Number of protein chains: 2
Amino acid sequence: MPTAPAKPNRGDARVALVAAGRKLFAQQGYDATTTRQIAAEAAVSHALLRYHFSSKAGLRDAVDDDVLGSFTHAVASAREEGTDHGDLAEVGRATALLFGADQERRRYVRRVLVDGDDRAAALLARLVAGAERELERLLPQPSALPPEQRRWAAYQTLFLILGPLLLEPALHTVLGSDPFAPETLAERSHANQRLLQHGLFD
Amino acid sequence: MPTAPAKPNRGDARVALVAAGRKLFAQQGYDATTTRQIAAEAAVSHALLRYHFSSKAGLRDAVDDDVLGSFTHAVASAREEGTDHGDLAEVGRATALLFGADQERRRYVRRVLVDGDDRAAALLARLVAGAERELERLLPQPSALPPEQRRWAAYQTLFLILGPLLLEPALHTVLGSDPFAPETLAERSHANQRLLQHGLFD
DNA sequence: CGACGAACTGTCCAACTGGACAGGATTGTC
DNA sequence: GACAATCCTGTCCAGTTGGACAGTTCGTCG
């Protein structure tokens, strides 16, 4: 089903293939996506994939650069945009910017994290580092937390954010609605801030 | 690589196939596992799979029954074992019982949640219901939480628990050690209890 | 115009997949 | 020991996969 039917102009096939790959990898995962599906989605011969990227893995690398590159960019702009209130709401804003806007990127990130190899570890390392940096800035210095809890704080924060991302399809079914719908996302984000601030049992 | 080399006795092939399926599905996922791999792991002809389970999907159903059945059993015994202190530590104990002991079951559960279809939604629904029940018991009545936060409490609790499960391979790499090693699990569990109790910013 | 290189295509291929099936081995029963 | 049911195997099959490759189209530059 070539959902993007228009045949690309000569010379545009490369970007069309990257777009098709991003879409289908995000939807179905890398292994479950065939080169022929990608070619059909890009309205292009499947032999062209090999010409431009030399292999299926080559296309994946190109898509990774594309998605994770724009990801890096989004992180940077999110960091600058917030006028640095120094409060926890920034976490929510950053999350919304990273994961709220673009469903396709969200699903692609999910696939990278879940397909679970070196790419997943590399991405997770970046996310942990980012969360750690943010916490370092927001937590009182010196933190009142005992070290063996402080050590897990960034991971805990991240799990609250990534949980819905990783479980999106199942969560959608259980909730009966899109967990990333703007109002839902805002409510979740607020609940997360409150949990981090006071716990559930304050 | 038939890691379980011993040829099963006549009549034992069925259970051998279920065990092999559980192992390989947990390690590689359903789609990435071939019927021939399973047969080799069970030291049995691959045609036998069809005889006993009629199809690859049939074997998956049998493995699901096996794993998720023992899962249900584990939940029940965890519930009875705790002498009902009514405190948060029970969450940690239940988690440890569910996910700590058996690496293979842990990975299988991860696959079910992540491969993301109806089975994932059904399992998640059970987990949410369980977490909800637990919170209902542990939270002060009436809860001081505003309803729009109370609504997400079970999910938040679950994300803290499931995060490491879903990200296990990547997390292992980033941490440089097994996130489910007993001491690590205990520390994480303790950190989770403290987060739920007081937040990070108490 | 002509030719040259880059972009693109149709078609073939070996490997592998889940499944089909006919027949062989083993066990229990009379 | 014969027979039948169950368990099990070797082997074939059609479909799909990523990749290989020779050849065609197209823009561009002389």
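Predicted model: local features only at pLDDT ≥ 70, side-chain atom pairs only at ≥ 80, totals over all residues.
1. Overall build of chain A. The secondary structure of chain A consists of 10 helices and 0 strands, and the order along the sequence is accordingly written α-α-α-α-α-α-α-α-α-α. Along the principal axes, the C-alpha atoms of this chain occupy a box of roughly 60 × 35 × 30 Å. Of the 202 residues in chain A, 49% are buried, and among contacts in chain A with a separation of 6 or more, 63% come from residues 24 or more positions apart.

2. Domains of chain A. The chain is divided into domain 1, covering 1–63, and domain 2, covering 82–198, and the centres of the two domains, taken over C-alpha atoms, are separated by 30 Å. Contact between them involves 11 residues of domain 1 of chain A and 6 residues of domain 2 of chain A. The area buried between the two domains is about 720 Å², with 53% of it on carbon and sulfur atoms. On the domain 1 side, Arg22(A), Ala26(A) and Arg60(A) lose the most area to domain 2, together accounting for 53% of what that side buries.

3. Polar links between the domains. Between domain 1 and domain 2 of chain A the count is 1 salt bridge, and 3 residue pairs are in polar contact, both residues being at pLDDT 80 or more. On the side of domain 1 that touches domain 2, the elements giving two or more residues are α1 (13–28) and α4 (56–81) of chain A, and α1(A) gives the most, with 7 residues. The residues of that side divide into 5 nonpolar, 3 polar and 3 charged. Arg22(A) forms a salt bridge with Glu104(A), in which the closest N and O atoms are 3.4 Å apart.

4. Interface of the two chains. Chain B and chain A are in contact through 50 residues of chain B and 50 residues of chain A, and together they bury about 4700 Å², of which 73% is on carbon and sulfur atoms. Across this interface there are 12 residue pairs in polar contact, again with both residues at pLDDT 80 or more. The elements that give two or more residues to the chain B side are α6 (103–115), α7 (118–138), α8 (147–166), α9 and α10 of chain B, with α8(B) giving the most, at 14 residues. By residue class, the side of chain B that touches chain A divides into 32 nonpolar, 11 polar and 7 charged residues.

5. Salt bridges between the chains. The count between chain B and chain A is 2 salt bridges, whereas the count over all chains comes to 18. The side chains of Glu187(A) and Arg151(B) meet in a salt bridge with an N to O distance of 2.3 Å, and this pair crosses from helix α10 of chain A to helix α8 of chain B. Glu187(A) is partly exposed, with a relative accessible area of 24%, and Arg151(B) also counts as partly exposed, at 46% relative accessibility. Arg151(A) forms a salt bridge with Glu187(B), where the closest N and O atoms are 2.3 Å apart.

6. Salt bridges within chain B. Glu41(B) and Lys23(B) pair through their side chains at 3.2 Å, N to O, and they link helix α2 (residues 35–41) to helix α1 (residues 13–28) of chain B across 18 residues. Glu41(B) counts as buried, at 7% relative accessibility. Glu168(B) and Arg106(B) meet in a salt bridge at 3.0 Å, N to O; Glu168(B) lies in helix α9 and Arg106(B) in helix α6 of chain B, so the pair ties together parts that are 62 residues apart in sequence. Glu168(B) is buried at 4% relative accessibility, and Arg106(B) is buried at 4% as well.

7. Two buried residues. Thr184(A), in helix α10 (residues 182–198) of chain A, counts as buried because its relative accessibility of 14% is under 20%. Leaving aside its neighbours within four places in sequence, Thr184(A) is in contact with Asp178(A), Pro179(A) and Trp152(B). Ala181(B) is found in the loop between α9 (168–175) and α10 (182–198) of chain B, and is buried with a relative accessible area of 17%. The C-alpha atoms of Ala181(B) and Gly100(B) are separated by 8.0 Å, although the two residues are 81 residues apart along the chain.

Terms used:
Residues numbered from 1 in each chain as written. Chains lettered and ligands numbered in written order. Heavy atoms only, no water. Domains from an automatic or database assignment. Contact = heavy atoms within 4.5 Å. Buried area = accessible area lost by both parts, 1.4 Å probe. Salt bridge = Lys/Arg side-chain N within 4 Å of Asp/Glu carboxyl O. Polar contact = N/O pair within 3.5 Å; in protein donor to acceptor, adjacent residues only side chain to side chain. Helix = DSSP H or I, 4+ residues; strand = E, 2+ residues; numbered from the N terminus. Nonpolar A, V, L, I, M, F, W, Y, C, P; charged D, E, K, R; others polar. Buried < 20%, exposed > 50% of the residue type's maximum accessible area, 1.4 Å probe, protein only.
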